[in-house]
Amino acid sequence: MTAVAAKPAAGSALNPTAMVVGVVLLLIIIGACWQLAPGLAFMALIGIIVGGVLVGFGVHFVPVGGAPAAMGQAPGIATGVAMLAAGGGLAGLFGGAWAASQEGLVVSVVTGGVGGGLMMAITCMMVNFIYVYGMGIPAASGKIKVDPITGDTQTEYKSQGTEGHGLPFVSFVGGVIGGILGGAGGTIIYIMLLNLYKATLPTMMKATEAQILPIAISAAGIFAIGIFLVNAVLTAYNITGTIEGFHDPKFKRWPRAVVASAAASALCGFVAILIVTM
Amino acid sequence: MTVKVEVVEGGVPHTKIMVAGIVASLVCLYLSYLNVLTNTEMFSFFGGLAVVSALIWGSHTIKVLCSYGIGTGVPSAGMISFGSGVIAMLLATKFGIVAPIAALIIGVVVGVILGYLSNEVLNMKIPAMIQSLTELAVVGAFTLMGFAVLMTGGFTFTSLTTGSITILGVALPSFQVTFIGGSLIATAFLLGALAVQHPFNACLGPGWTQDRMLMCAAECGFLSMFVAAIMSFALVPAGSAIISTIIGLIGWAYTYCKYMGLSKRDAASWLDAKPIPEVEGH
């Protein structure tokens, strides 16, 4: 079989045993954290899990086109899931981290979400500019006949032999939703770890809170990026290739990604918490 | 159903590269402990050599993993490698002298769980998935620890978070001029993540040859080492940083020439094009 015929292997089926194992793993880690460090660290772990699940779920909304989109043969933005999630999510994370230095949790998370959504909105718009005015192709979805938001028909504009092309309006909206969820999720992870480190590092390193602030910010930031990328790549493995947005049949795979993201975030968050509680 | 697009034909088997990568990285990381024994920071460059050996191993692991059509692009493998590696590495630094071995063990635990999640929960069903993600987490942890050694001279949590700045001839303790406090870890993160995914991304295809890809990995490693060595001027004495910079530069020049040679060997034909000549009378 040639490389062209070798489609990604992941089916859309659920693996019930593995899902149960994933949930049990999640509960074991939560229980271990409760035993080891109740209170602030436990709350941080819950926050990290919520943030990780938001990231994993949000990535499903982003219209990922990959290499076929670069050739105008599939709708979406012409790069991989991990790159897009990193672009949108990290832009949100930086916005949220900026707000975290002066505002409370809610304002920071909203700022992070707006940052991620704005980044994806700009990306989607520029992508459509290039598709329409640079490559000369209209936006048409291959997975649906009528755009569920605007009601525009799609099939007339779709070229034969392609899965659609360009970036239809519904995909644009999906991209913005994905950016908002990813940016907000990344910011929650960052703020939870930052609060935990700010509270525990002074006694651990025998210094004042102002002195350890660079360590707390940098460690929380790099952990947030690490956990974010792990979740983004796991979701990319769930999608395997291209997705158009929330109207795509592949979107129905999200329960798997939520379980995997929750377990992976719990594991990574637990390790990040162990640094200050051990 | 999974179809393996390419098979490893000839060349060094993956297990051998893996064992060599683990042993070489661990030995290099521990050789940097000479810094503590001799009370200097002259041996920081062993961290850079650990980075190179871990990256060579990691690029071959990515080749094994991405030969199955995972459909997400090669860079995603580099990202998950360092995303899980940074978590394992930072916890491992808490263990003092056994930190490199702790990084190996924590990396294996994190990698196996992530591998299980992607292979079973996400239903990837790729035979090499669990082993590859495990190896990649260890590669990420070793590479970051190597960068930490190269830039700071040590791999313990204290040496990564506590530095000193000299103001008017008085040395003051500082948490900001450090590997973690100064966020040099973020630069090391992406230097490594790009270097581990680039070789296979650049060399894949029907004309893939093992020695060319591994030479490209070594070249990326030495180039990253050179950049990190320049950053290490901020944290280690100038003499030690100069040693690391020179070793990185020599290693990069050597591997770059070898890589160009191998690329020319594998190319169907190549033309050593000269700059466009200035033609008179136009």
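Before reading any helix angle I noted that axes are lines fitted to C-alpha atoms, for helices over the stretch in contact, and that angles run from 0 to 180 degrees between N-to-C directions. I also kept in mind that this is a predicted model.

Entry on the helix pair. I looked up α4 (residues 81-100) of chain A against α7 (residues 209-239) of chain A, and found that their axes come within 9 Å and cross at roughly 150°. The crossing of α4(A) past α7(A) is right-handed. On the α4(A) side the contact includes A:A85, A:G89 and A:L93, while on the α7(A) side A:A224, A:F228 and A:A232 are among the residues involved. By class I recorded 15 nonpolar and three polar residues in this contact, with no charged ones.

Entry on the chains. I then turned to the interface, where 41 residues of chain B are in contact with 52 residues of chain A. On the chain B side, α4 (75-92), α5 (99-121) and α8 (184-203) each supply at least two residues, and the largest share, ten residues, comes from α4(B). That side of chain B has 24 nonpolar, 14 polar and three charged residues.

Entry on the core. Which residues have the most contacts inside the largest nonpolar core? I found A:L193, A:A232 and B:M145, in a core of 192 residues, to which α7(A) gives the most, with 21 residues. Leaving aside residues up to four places away in sequence, B:M145 touches B:L29, B:M89, B:A99, B:P100, B:A103 and B:F155.

Definitions and conventions:
Residues numbered from 1 in each chain as written. Chains lettered and ligands numbered in written order. Predicted model: local features only at pLDDT ≥ 70, side-chain atom pairs only at ≥ 80, totals over all residues. Contact = placed C-beta atoms within 7 Å. Helix = DSSP H or I, 4+ residues; strand = E, 2+ residues; numbered from the N terminus. Nonpolar A, V, L, I, M, F, W, Y, C, P; charged D, E, K, R; others polar. Left-handed = near helix turned anticlockwise from the far one by under 90°. Core = buried A, V, L, I, M, F, W, Y, C linked by C-beta atoms within 7 Å. Buried ≥ 20, exposed ≤ 12 C-beta atoms within 10 Å, placed from the backbone.
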